[in-house]
Amino acid sequence: MKIHFSNQESLRNFLRFVASLDLSNPAKLEISTHEKWVTVHPANLVIAAALALRVGKEHAKITGKVPQTGIYLDRMGLYQFTQTPSPFRYNKKEPAGRFVPLTVIKTASDQSRFIADMVPLLHLSEDHATVVKYIIGELVRNVLEHSLAPNGAVVAAQYFKKTNRVSIGICDTGIGITKSMWRHWQPATDLDALFLAMTPGISGTTRREGGTAENAGAGLFFIKSIAKITRSYFAIYSGGSAYTLLKYDKRVKGFPRLYADPRRDPHNETRNAPAFAGTLVAVDVSLKITPEFTALLTSIGNVYDAAIRERRRAKYREPKFL
Amino acid sequence: MKIVIKLRTLAGDFAENKEVAKKLRIEKIMPVLSKNGGVVLDFAGVSGATQSFIHALISDPLREFGEVALDNLYYKHANEKIQKIISIVYRYMQESSHGEQGEPS
């Protein structure tokens with residue numbers, strides 16, 4: 001397998017990155033970079049690290065000339081997943097920045113520790129931290145519950161000061177979304193499986209409305225909606241298909257309209273991606289226009305509610321808050 | 001009988017661990033509701049929660065005990081964000097209970 005990091009990796013270019021992957025020869029992994037400049041998104045890092053975990057450190061290497069900006073790969077911990085020693089020497093205690101390096105999460109307890117210990121590294125306000133905790137909490141949980149990935153989830157995050165956004169990537173090399181959805185939904189294609197996974201109220205664990213005791217089929221819909229409302233990118237890649245939610249036009253006032261059907265959102269899609277045995281989910285969250293989390297939840301909840309409604313109820317009961 | 005469950009102690013500052021939610025549901029909430037008792041879920045010190053956590057905590061009680069759960073579940077010190085998520089779960093669980101369809105899980 002071969003992964004190349006160009007000088008312009010971002011979620012906007014995610015499908016181009018996916019198309020460039022060479023996933024043949026699954027026993028070894030070679031990672032290369034642009035010779036003069038490398039710019040990567042956590043999405044690029046987590047898939048590289050996840051595949052390196054799968055082939056084993058001794059079969060993964062970073063090849064060719066890595067430019068000075070490749071120091072970022074070292075800071076994010078990518079070299080530790082490969083047999084290649086880092087060529088970079090620097091003071092790691094320098095002011096670092098606001099990033100969460102590549103981290104492997106295998107259990108719910110790992111996840112709780114990660115959220116408690118790592119998210120504060122991003123130095124976000126309480127409301128912004130809640131959004132990031134929420135996204136990581138839901139995405140990692142998805143991996144732990146549905147992917148059957150022996151190596152767990154690989155997570156990384158980065159705050160970008162210039163654009164005032166947080167980017168998050170989570171990847172596993174488990175069974176992929178199509179297999180996860182198969183038992184109850186039998187999607188015809190990998191792309192159909194992605195659409196199902198992003199549709200509110202549809203869970204791979206049941207066809208029953210309201211879900212099971214443990215799953216409601218809401219996780220990915222919530223995350224995609226957070227990206228849409230904050231006018232940010234969201235991307236998902238599994239099997240031979242990938243989907244990128246495009247940025248909502250900032251000239252449109254108010255909250256972007258949310259749709260239960262992901263095909264109605266402005267997006268790019270491909271059903272001809274290299275077949276990836278696993279799942280990669282990535283999201284950008286713009287902090288410039290992040291609304292109050294409660295307002296965001298209200299909007300998402302309304303769409304979720306409508307999506308699962310099969311007939312109108314006569315009367316709702318409300319919880320009793322003391 | 002009414003019990004108080006302090007979430008902060010068990011779920012931490014940000015409630016996202018569904019294993020904790022499941023354990024509380026099975027070991028504390030369901031047995032008390034089955035005897036028509038009351039359960040107060042105290043979120044003091046909890047800054048946020050995921051929908052998945054809240055779903056794992058209360059969806060089955062709402063589905064299983066219906067009116068009894070609606071009458072006997074109480075939420076204390078839940079901030080606005082957590083209240084919103086609880087309300088979302090209440091709405092879709094009541095919604096789905098009106099038109100139960102599909103195969104059992």
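The model is predicted. Chain A has nine helices and 11 strands, and chain B comes to five helices and five strands. The contact between them takes 45 residues from chain A and 48 residues from chain B.

**Confidence**

- Chain A has a mean pLDDT of 89. In this chain, 94% of the residues reach 70 or more.
- Residues 310-314 of chain A have a pLDDT below 50. Beyond near neighbours in sequence, that stretch has eight contacts in the model.

**Chain A: overall dimensions**

- A compact globule with 322 residues would have a radius of gyration near 20 Å; chain A has 19 Å, which agrees.
- Taken along the principal axes, the C-alpha atoms of chain A fill a box of roughly 65 × 40 × 40 Å.
- Buried residues make up 51% of the 322 residues in chain A.
- Consider the contacts in chain A with a separation of 6 or more. Residues 24 or more positions apart account for 71% of them.

**Chain A: nonpolar core**

- In soluble globular proteins, nonpolar side chains tend to be buried together.
- The largest nonpolar core has 132 residues. The members that touch the most others are A:Val46, A:Ala49, A:Ile135, A:Val155, A:Ile170 and A:Ala235.
- Helix H2 of chain A, residues 42-55, gives the most to this core, with 10 residues.
- Leaving aside neighbours within four places in sequence, A:Ala49 is in contact with A:Leu78, A:Phe81, A:Leu102 and A:Val154.

**Chain A: enclosed elements**

- Strand E4 of chain A covers residues 99-105. Six of its seven residues are buried, so the strand is largely enclosed by the rest of the structure.
- E4(A) pairs with strand E5 of chain A, residues 153-160, in the antiparallel sense over five bridges. Here A:Val104 stands opposite A:Val154 in E5(A).
- Helix H7 of chain A covers residues 190-198. Eight of its nine residues are buried, so this helix too is largely enclosed by the rest of the structure.
- The buried residues of H7(A) are A:Asp190, A:Leu191, A:Ala193, A:Leu194, A:Phe195, A:Leu196, A:Ala197 and A:Met198.

**Chain B: overall dimensions**

- From the N terminus on, the elements of chain B run β-α-β-α-β-β-α-α-β-α.
- Chain B has a radius of gyration of 13 Å, close to the 13 Å that the globule rule gives for 105 residues, so it is as compact as a globular protein of that length.
- The C-alpha trace of chain B spans about 40 × 30 × 25 Å along its principal axes.
- Of the 105 residues of chain B, 49% count as buried.
- Consider the contacts in chain B with a separation of 6 or more. Residues 24 or more positions apart account for 85% of them.

**The contact between chains**

- The contact takes 48 residues from chain B and 45 residues from chain A.
- By class, the side of chain B that touches chain A has 14 nonpolar, 19 polar and 15 charged residues.
- Strand E11 of chain A, residues 320-321, pairs with E5(B) in the parallel sense over two bridges. A:Lys320 stands opposite B:Tyr74 in E5(B).

**Backbone exceptions**

- Most residues other than glycine have a negative phi. Two exceptions follow.
- A:Asn164 has a positive phi of about 50° although it is not a glycine. A:Asn164 is found in the loop between E5 and strand E6 (165-172) of chain A. A:Asn164 is partly exposed, with 14 other C-beta atoms within 10 Å.
- B:His77 has a positive phi of about 60° and is not a glycine either. B:His77 is found in the loop between E5 and H5 of chain B. With 17 C-beta neighbours inside 10 Å, B:His77 counts as partly exposed.

Terms used
Residues are numbered from 1 along each chain as its sequence is written. Chains are lettered from A and ligands numbered from 1 in the order in which they are written. This is a predicted model: local features need pLDDT of at least 70, side-chain atom pairs count only at pLDDT 80 or more; totals for chains, interfaces and linings use all residues. Two residues are in contact if their C-beta atoms, placed from the backbone, lie within 7 Å. Ala, Val, Leu, Ile, Met, Phe, Trp, Tyr, Cys and Pro count as nonpolar, Asp, Glu, Lys and Arg as charged, and the others, Gly among them, as polar. Two strands pair if DSSP finds at least two bridges between them. Helices (H or I, at least four residues) and strands (E, at least two) are DSSP runs, numbered from the N terminus. pLDDT is the predictor's confidence in each residue, from 0 to 100. A nonpolar core is a set of buried Ala, Val, Leu, Ile, Met, Phe, Trp, Tyr and Cys residues joined through C-beta atoms within 7 Å. A residue is buried if 20 or more other C-beta atoms lie within 10 Å of its own, exposed if 12 or fewer, and partly exposed in between; C-beta atoms are placed from the backbone. The radius of gyration is taken over C-alpha atoms; the globule rule is 2.2 Å times the number of residues to the power 0.38.
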